[in-house]
Each structure stands twice: as C-alpha cells, then as structure tokens.
Amino acid sequence: MNAWIEKQRHLIDFTLASLARRKAKNLGLLLVYALLVFVLASVALYTHALRQEAAQVLKQSPEIVLQRMVAGRHDLIPPGYLEKIGRIRGVQSIEGRLWGYYYDPVVKANYTFMAPAAEAVKPGTLVVGPAVARSRGLAPGNTISFRAYSGKLFSFTVVGVLPHASELVSADLVLMGEADFRAFFEYPAGQHTDIALSVANPLEVRTVAAKLASALPDSRPILREEVLRTYASVFDWREGIVLALLSAAIFAFAILAWEKASGLSAEEKREIGILKAIGWETGDVIKMKLWEGGLISLTAFLAGFVAAYLQVFRFGAPLFEPVLKGWAVLYPRFELVPAIDGLQVATLFFFTVFPYMAAVLVPIWRAAITDPDSAMRS
Amino acid sequence: MIELKQIRKAFNQGRPNEYWALNGIDLTIEAQKVTAFRGPSGSGKTTLLTIVGCLARPTSGRVRLAEDEISGLPERFLTDIRRSTFGFVFQQFNLIKGLSALENVMLPAFPTGRPHRELRERSEALLDRLKLAHRREARVEWLSGGEQQRVAIARALVNDPKVLIADEPTANLDTTLSREFMGILEGLHAEGRTVILTSHDPLVVESAAVHRVVSMRDGQLTEG
Amino acid sequence: MIFQPAIIALLLASGIAVAMLAAAAPFALQVIRQWDIASGTERQLLLERRTYLFSTLAAFVMVVQLVALLLFVFNADRMAEMFVGAMCAVGTLNVNPFGFPALLAQMAVFFLAAAWLAVNHVDTRAPDYPLVRVKYALLLILLPALALAFVLQLKYFLGLRADVITSCCGSLFSGDAKGLAAEVAALKPLPAMTLFYVVLAVAAGLTFFHARTRRAGYAAAAASAAAFVATIVGVLSFVSLYLYEHPNHHCPFCILKPEYGHQGYWLYVPLFAATAAGLGTGALQPFRQVASLREIVPAVSARLADLAAFGYLLVALIATYFVLHSNLILIEH
C-alpha cells in the first residue's frame, strides 16, 4: 500500500514537472476548459439562485388564489363571491385582492399596481418597488404623476421604497390605497381582481380547492405548490435549454481535448519511448497521463467555478441576465443570495470533466503503447 | 546467463515492406563479462540488443535469462524484468529535457514506488560517484556530452541492475571522453556487473576491457 | 420528459459509456478469436496492447457508474418537489415503473464492473494471461447490462411527467402498504435488528475466515450478497427510524439528505465497497485452479475478503452508533 502511494506520488511529481515544461500547450487547453466550466457554472449558479429566490418569495404568498373566468379569460370577481365561499373548513382567511398592470411610457416599462388589503397606504401616497424607484429616480417625499388609461393625470407622493430583500418580485411593484386604485383604473366598486385564501395544513389544500371549484364553477383555484412546481420546472427547463445549446460547445471542447491529447509532439513521443525503455510499464504511462488529465481538470474546474461564482454573486451576472431571467421589461437589479448546491456541482462536473476524460482516454492509450525499443531506434 | 536460440525478428510483418532484421541467432552471453556486438549499420546489432534487453520480443525463437524462459512473456512482465535486471545507456543518451540531472537519474525507479528519500539518496550517491555531484540540479540540456553520458549511466544504475546495456556508447564522444567511459566500464565490471554493448569504434572493441566481441552482418553472426 | 441538467448529464454519461464499450466490442471479439500468447507476431503484440485500453475503459465505466449512481439518487431526491405526493427520491422513482429498475440496473452494472476488474486484476498478474478469453467474453456480457441500464434510465426519464401523482416513502414503506418494500419496512425492529446483525456478523466472519484460511470463497461471496440485502433491509426497518427519530419514516434515501447530515453516506459507502470486494472474491473463485493463478487468486481474493470484512464491520459499527445516539426508543429495555 505504501509503495502504491509512493508510486502515485512519483507519477504526480513527474506529471507536474512535465506540465510545467509544456506551459504554452497546456495553458491554451486550460483556458478553454476553464472558460467552459465558467459558462456552465454561471448558468447553473444563476438559475439555482433564481430558484431559491422564487421559492423564498412564494413562501409568503397565499396557498390558494381564486380567479374568476369568463369565456376562458381571467375576469373580475363580482361582489358577493367572498360571501358565497363562506366558511370552508381548514381555511384560515379569505381576502379579495386588487391589482393590475400599468404601462409607464416614460421608461417604457410595466409596473404592477396593487392595493394592499389593510389600509396600509394612505390616500394620495405610494410605496414603490426598488426598480421603479431607480428607473424614475424616486425617493420618499417625491411627487410623481401617472396618466391613467382613461387619460386623466394623477399625482402621488412617494412615502416609501420597498426593501431590497425580495427584489425579484417586488421590483416593479407600486402600492397604493384602495380608493386611489379604484379611481385610477376606474375599477368598479365592490369588485376584486382575485381572491386569496390561506390554508394552514398543506394536506388540505387540494380538498379546499376541490370545494371551491364546486361552489364557484366559473372560477379557477391556483395552488401555490403548483406555481412552485411550475417555476421550478421553468427554471430547470431554461437551464436545460441553455445547457443543450452549450452542448455544442462541450462537444467542440471534447474534440479539442481529443486533438490536443492525440497530437503529441515528436518530443513527447520520444519522452514516452524513453520512459518505457528505462522501465516504465504501459500501465504506468497511462496512470501518469490520467493524473495529468485529472490535474488539468481539477485546475480548470476550480478556476472556472470560482470565476463563475464571483461573476454571479459579486458582479450580478452581467453575462446571462437577459437570457435567464426575463420576467418583465423592467429587469430587477438584485443581489442574489450566494447558494451552492451539491447536486449542481456534481452535474457540472459531469458536464465538463466526464467528456474531457472520455475524450482523452483513447489518445492516452495510444501514446502509452509507444514501442519501448523506439528509444533505441531513433 | 543469457541464452538466445534461433532468434528471428521481423518488422512490418505481412506488409510489402516486411523485413527480417535478425535471422536465426544462436548465442550465449556470459555473466559478469563485457561483451561487444560489432558490425556495420543495418547488421541487426541494435535489434539484437533490444531483444537481449527485453525491450522487444523476438518474432520467433527463445530467450532464456538465468534459466527462465522470457521470450513468451507479455510486455508487462518483460518490463518488470527489464527494470530490475537491465540498465540502458543509449547512443543519444535519451535524457529528458527540462528536468534536472538528479530527476533524470531517479526516473527509472518511479514505477517501483521506492520511498522518495531513499531514492534521492541513492541517485545523489550515484552522481557523486560519477563526479557529477556539483551538476545534479542543472538541467540536462545545459550539460556537456560527457556529463550527459555520465548522467545516463547513473540513470541506468539507479535500480541496481545486474546487466548494463550500452548502444554505441562512444559514438558521440571524443577520444579522451571515450577513454574515460571505458574506465567507468571497467569499474562496473569489477563490481560484478555484466556489460553488453554495440560498437564499431576500435577504441572500444579492441580494448582490453572487452572480453568478447561478437561480429554480425545481415542479421546473422559471422564469428563469435 | 423533464428537461433538466442533471438528467441530461446522466443520460450523457451512460450513453457515452455504452458507446465506448460498444465501440470496443469488435476488438474484444478479435482478442477472443486471435489471441495467442506464445506468438511473437506484431498482431499479437497489438492485441496485448489493446488489453490495456479495455482495462482502462472498464475502470472508467465503473467510476462513472458509481458517480452516476450518486447523482441519480441525488437528483431523484431533488426532483421530488415537481411531483404531487413525492417528498423524496422514493416518490420520484415511483413516478413511472422504470424508476426503481433503472436504479437497480445501475447498481448491478457497478457490481459487475467491479467483479470484472477483479478478474482482470488477477489475470494481468499471471505471465500467461490465462483468462484473456474469459475476460473478454465477460466484457461482452457487461455491454448488454450497461445498455439495459441506459435504456431503463432513458425510459424512466422520458416517462417523467410533472403532473403525476405519486406515492412517496410514507406510503411505500409504511406498515399498511403492500409489496415487498412495505413488508420489509413493516418488520418489527427486534427481528430486523437480529437479522441485520446476524447476517453482517456471518458475512464479516466468513470473509475474514476466507482471508485467513483461503477456503470457503463462494460462501464468503454469497454472504456478502446477503449482507448487502440485510443492510438495506436494516436501513428500511430500523436504522432509518433511529436516524430520523421518527417511528414511521422508513426511507432509505432521505438519510442522504443534508437535513440528516448526509449520514447515509457513512453507511452506504462502506457497504458498497465491501459488497464490491466480497462479490469480487466470488468472481475469482472459479479460476483458483488455473495453473498459473494458483498462487495469485488466493492472495488477491484474501485481500478483497479482508477489505469486505472490514467494510461490513464498519457498517455494523456505524449502524450501532446511529442507534445508540438516537433519541428514539423502539425497543424497551
């Protein structure tokens, strides 16, 4: 056992020395390799952070949202629906919600206008999301005017900016009082956008939803767990698509690795011949070369991964934001909470190290079977 | 000690350019003697050396090394024998560029898994003995021809082989260095090692240090 | 199919492994037909050199299978949120009928590859390579197994639909459910513990006995296989309960989760290593009478058996540690 370890140590020593001797050749490969890891790791880290963020946000949203459908389209909830639902066992609270979209021609962006249930926002005032505040240059105390869809101009005083923490969802939010909301959108009195129900026991959610559907046949209950699942699969799907697109790059990289590994220089071939002549076995050469591949992989993987981590969590992922996020026109600029996921690292390893090792296996073997007597024949 | 029977060796077998480098060699090489193969280039003496030194397998015929039949062994086992029994000094020295003299000397012992310190001490002692102690950290390409050969000799001895094999050892050396080499050779013989070499240098084949000269032509022995 | 990175990675890995072995298959046939160790021809030399490629390939496939196995379970666990009713890997694997077979096939490939490597190892230590033909015939058997594992995995992943209502570990391993897994889980802790410790003791004892006396190799291998099953049964029926500190949570996968400190790996890694070694011992037994292997097989087999004995001992100790350090009490003293 000790001899085995000692032997591996010798092989690693030799590998390091020979890598150092062929810096130029290996550096190119290392760079491409690290770049590939960097791109893939950025995608992975970024989507994972988004997924976490969404899960965080949805944690606070109601278990069930009830929408009324007219001709298959989302419609307003008429007065009396809340009463019709009445009491359902397991439901902790029911409330009608008021919200809508507003297109701001000044910055060419969509905002979500919302009237919180409790009269949290006083008439004539607004609380805005951080992205809105940024794009319109707002600070508490400022006044802002919006032209309603009816053509009338409304002025509000900004009294607060929502916190940064959950920016992904709150970024484009504008909170106002109920009366202001109804006046601004000319929203019919007594009607609501949808109904939010909170259910304490997760096992009862489906039963409650079924009761709602039978009590109000023209309505559609949307479950939070379903939204979560949809988000998860949308993110996975996006990540998958990006990776699939990048698979061409992985493939190209594998070809490059194959090329590099099989395109041994005359000098290297001579060296392997010498090693074999002086007593290295084919298996020893293969092991040495596998160590070489392993060391290159490890270095590239670490370098690429660390760079990706910095890119995503320090510099806000400038490279991939447009592809992977895309919620609305108004991109939230938010700090992702650093999150590393074992599964993702393992997956990433599979996407990069595995194709590399698979690609270099045959060339390594080819190099290793150099005739030992070639050292004599030169 | 080494017994060759009806050794034949073909290259490019089954192809139009097939050619037989060795054509029926019967030879016994005695232990603890210095034996030289002489002959014009293309006579097969280097090929014979590769078969004696377990670098290659004969196409047909038998090789016995101290009572063991080794001609049918797969490469893996030939390598084991080669590593422990033979040390090689090549015509071009075949040192690995970019590594220091010491590192080059240590190379043949890497697959044995000998402890690093022990190996290092052994290599340093060998370099010391060959008067290269002061050059051990120097990269081999900065060494002179004579120094390179002495590094190659040290490398050949690191696994303490019974047999030293040298292919045209004086081809790249001037007279002074060649004499020096013959001196080293005598020292090795005095230690009880067997030496087998090829050469057409009169300084070598006519030297008193060489006990037996085997002449070759066209893959066959002409006298012996 | 659910388009997901880990799934693509797994399919990629097993697809490439199949492709590599399939590409090597014609050469394996050539070795079987034309091998002649006594010959000094260049063709024989080439065949010999090819054997190095196959050994390297097989070792590569085994390592990949092992990592893929982890990734497979890991990923199944993660995907649980996408299926109604799934709370961990069990639920995800139950989404369609190919989940568990795919997992089992992958484990089978791992053990087969390990056994092949054991045979390969002894063969390369005998100067006449006596098992070359056997070895390459076995490699050709490994190929369909690998292909089967790939197909099962493909079918499983292709058949994933996010809206499927699945059953999870709660229902699969709970006492009221039917089926083998449930019956295993429903074992009372005391008999299950007895079974676990007895079988492990027998396996460790037999492998140790084999390592010392070089006899009863087949029995040692059979005991290893039994110990693998017994350990899984033990995990299902009592170890998991102690780890979760919950009298009805029997899942063998949740113990791998971070919530439970990844403690499952402490059990599974020695278990898989020991079983691979133990089965390797068995794979070597048929060849112990081959002339050139008379010395080699017993020596290698003894070393593998030593490893297996040590592994099972470790499994038993770790399981005991889990039981003693749990706040759950299943058996009244």
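Here's a quick briefing on the strands, helices and overall build of this structure.

This is a predicted model, so keep its ground rules in mind: local features need pLDDT of at least 70, side-chain atom pairs count only at pLDDT 80 or more, and totals for chains, interfaces and linings use all residues. Residues are numbered from 1 along each chain as its sequence is written, while chains are lettered from A and ligands numbered from 1 in the order in which they are written. Helices (H or I, at least four residues) and strands (E, at least two) are DSSP runs numbered from the N terminus, and two strands pair if DSSP finds at least two bridges between them.

**Chain B as a whole**

- You'll find 7 helices and 10 strands in chain B.
- Chain B has a radius of gyration of 17 Å, which agrees with the value near 17 Å for a compact globule of 224 residues; the radius is taken over C-alpha atoms, and the globule rule is 2.2 Å times the number of residues to the power 0.38.
- Along the principal axes, the C-alpha atoms of chain B fill a box of roughly 50 × 40 × 35 Å.
- Of the 224 residues in chain B, 49% are buried (20 or more other C-beta atoms lie within 10 Å of the residue's own, with C-beta atoms placed from the backbone).
- Among contacts in chain B with a separation of 6 or more, 70% link residues 24 or more positions apart (a contact has C-beta atoms, placed from the backbone, within 7 Å).

**A sheet in chain B**

- An open, antiparallel sheet of 4 strands in chain B runs in the order S2-S1-S4-S5.
- S2 (19-29) and S5 (68-69) of chain B are at the edges with a single partner strand each, so one side of each has no neighbour in the sheet.
- S1(B), residues 2-11, is joined to S2(B) by 8 antiparallel bridges, and Arg8(B) has Asn23(B) as its bridge partner in S2(B).
- Helix H1(B), residues 45-52, lies across S1, S2 and S4 (60-65) of chain B, at about 60 degrees to S2(B) (axes are lines fitted to C-alpha atoms, for helices over the stretch in contact, and angles run from 0 to 180 degrees between N-to-C directions).

**Strand S1 in chain A**

- S1(A), residues 64-70, runs antiparallel to S10(A), residues 219-223, with 5 bridges; Leu66(A) stands opposite Pro221(A).
- S1(A) also pairs with S9(A), residues 194-199, through 3 antiparallel bridges, and Ile64(A) partners Leu197(A) there.
- Another 3 antiparallel bridges join S1(A) to S2(A), residues 73-75, with Val70(A) opposite Arg73(A).
- The hairpin of S1(A) and S2(A) has 2 residues between the strands, and Ala71(A) takes a positive phi near 50 degrees.

Definitions and conventions. Contact = placed C-beta atoms within 7 Å. Buried ≥ 20, exposed ≤ 12 C-beta atoms within 10 Å, placed from the backbone.
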